[in-house]
Amino acid sequence: MQDCGSPEVVFRLSPLVQQRHWHAVLGSFLYPGSPSALADTPSSPPDLPEASPSHDTTVCPVPSRPSFPGSPAPCGRRAWLDMDRETRVFAENHFRRLRGRLPSRVCPILDRVDFIENPDSFSYSDFFKGYLLPNLPCVFSSAFTEGWGSRRHWVTPSGKPDFDYLLQNYGDVVVPVANCGVQEYNSNPKEHMPLRDYISYWKEFIQGHYSSPRGCLYLKDWHLCRDASAKGIFTLPVYFSSDWLNEYWDTLDVDDYRFIYMGPTGTWSPFHADIFRSFSWSVNICGRKKWFLFPPGQEEALRDCRGGLPYDVTAPAFLESRQHPGLNHCSPPLEVTQEEDTISINHNWVNGCNLANMWHFLQQELRAVQQEVSEWRDTMPDWHHHCQVIMRSCSGINFGEFYHFLKVIAERRLLLAKEIGSGEVEYGEGSRLGPQQTIFDISRIAEVLASVVVNPDFQRVDTSMLSPQPEDLLQQLEEVMAAMESL
């Protein structure tokens, strides 16, 4: 591992997350599968556990602009992706053993996070079988990001953020900034300002001994990858290339889940679970952070007497056992330490390994909405439709849009399967998915779609305008799976 200012990659799997940047400590929380806490990546050997193949790997990855497979992203190139047949069969047996249970609910309680040092001896199959499938966290060394443009240009020789370079190249870009000192529900209020204004604040904050009358401001969720000026800032690691979430949004050309985070010591993110319970990866371009990782299911032990989850798992009030009676039964979080003024690149992503988690999350969200408005069930016309509308406003997606998400990815995989079957596909750098990855993707979409079409709440959704109809798409997927089984 490397010095404090050198970057490393943290892989987090759909957990609860909190991030905090104290005086020399940045914190975030996240862990596989359900709500959990997330903290920023480490960059110092003493704070990291030894690598061990049996331990968690934390990831919150998401690729850059056009997702895989597709054209290269403005800010990150993507590598050719495939798995061997043995890995695909291993994955199929894994999901067969689960028998409908979520991977996030069967992962072991861990006492440390694996540290992956050498990319030359760590394959996509190693990552897929050791971390993606079992939904475990891990940390990659800075060797995995050695060639990134952001590491060359955004950081001074002393390992600090290069304010001059950032001002010269992005100074007029308007960025979202959160006030870490103000609680708004279980989050922080945001404002938008030019990057030059935020950097001016940041310099004043440092000169004021990490204090300011304006509070503690944190630049977060900056979608720099949408901007053509972001070209070359990173190269997407192959491990994170199977990214349906960004592939979908890139196809629609509407949004993405690729972010830049920047902040001084003391900035932090409240306790949370990532969007749709997605995977996530985070790379420190410079600086150090502290992550708290809670295993899936531990959120139930973290609730207060009213059932609410904590805003800050480091606050004295949270540690008061009388307010949180289940806290004594909660496993201690894994910790990975990071300090100093920090810049990180973070992505959220979904693929066949956690698609069932996303579908389970959406069902939970709808049930929560239905419970909240249950008293109007018999008097409100189109009550079920209104629940879907409310769910979308709260979660960003409803059942109809989830089907559209599945359809877009499925149709792209079916097209690939047709080309593979006809021998038309050309494998190579930056091109498409290989045959084994394609078959795996189709099988995972089919299994989840089969659950969707029999769900009573989905059956109440008006699907008359959908093309193809969900049942017809499922039949297409099953036919292709049968035809490609021998590959």
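Reader: Which backbone oxygen lies 3.3 Å from a polar atom of the side chain of Asn-284?

Author: Happy to start there! In this predicted model, that oxygen belongs to Gly-287. A polar contact needs the two atoms within 3.5 Å, and the value here is 3.3 Å.

Reader: Where is Asn-284, and why is Asn-284 called buried or exposed?

Author: Asn-284 is part of strand β11 (residues 279-286). Its relative accessible area is 0%, and buried means under 20%, so Asn-284 counts as buried. Along the sequence, Asn-284 and Val-9 are 275 residues apart, yet their C-alpha atoms are 6.7 Å apart in space.

Reader: How many aromatic pairs does a search of the whole structure find?

Author: The search finds 41 of them. One of these is formed by Phe-122 and Phe-144, with 6.4 Å from centre to centre and 80 degrees between the planes.

Reader: What makes Phe-122 and Phe-144 a pair, and why is the pair called edge-to-face?

Author: Let's take the two values in turn. Ring centres must lie within 6.5 Å, and these are at 6.4 Å. Planes over 60 degrees apart count as edge-to-face, and with 80 degrees this pair gets that name. Phe-122 comes from the loop between β4 (114-116) and α2 (124-132), while Phe-144 comes from the loop between β5 (138-140) and α3 (149-153).

Reader: How do you know whether Phe-122 and Phe-144 are buried or exposed?

Author: Phe-122 has 11% relative accessibility and Phe-144 has 12%. The limit for buried is under 20%, so Phe-122 is buried, and so is Phe-144.

Reader: Why is the pair of Phe-240 and Trp-349 called tilted?

Author: The angle between their planes is 50 degrees. Stacked needs under 30 and edge-to-face over 60, and the rest are tilted; therefore 50 degrees makes this pair tilted. The two residues are 109 residues apart, with Trp-349 in strand β14 (residues 342-349). Both Phe-240 and Trp-349 are buried. They also belong to a cluster linked by ring pairs, whose members include Phe-122, Phe-144 and Trp-281.

Reader: What makes Arg-444 count as sitting over the ring of Phe-95?

Author: Its charged end is 3.5 Å from the ring centre, and the distance has to be within 6 Å. Lys-129 lies over the face of Phe-90, at 5.4 Å from the ring centre.

Reader: Which residues touch the most other members of the largest nonpolar core?

Author: Among them are Phe-140, Trp-154 and Trp-281, in a core of 111 residues. Helix α10 (residues 399-422) gives the most to this core, with 12 residues. A second, separate core has 9 residues, including Phe-294 and Cys-330.

Definitions and conventions:
Residues numbered from 1 in each chain as written. Predicted model: local features only at pLDDT ≥ 70, side-chain atom pairs only at ≥ 80, totals over all residues. Heavy atoms only, no water. Phe/Tyr/Trp six-rings, centres within 6.5 Å; stacked < 30°, edge-to-face > 60°. Helix = DSSP H or I, 4+ residues; strand = E, 2+ residues; numbered from the N terminus. Buried < 20%, exposed > 50% of the residue type's maximum accessible area, 1.4 Å probe, protein only. Lys NZ or Arg CZ within 6 Å of the ring centre and 35° of its normal. Polar contact = N/O pair within 3.5 Å; in protein donor to acceptor, adjacent residues only side chain to side chain. Core = buried A, V, L, I, M, F, W, Y, C linked by side-chain atoms within 4.5 Å.
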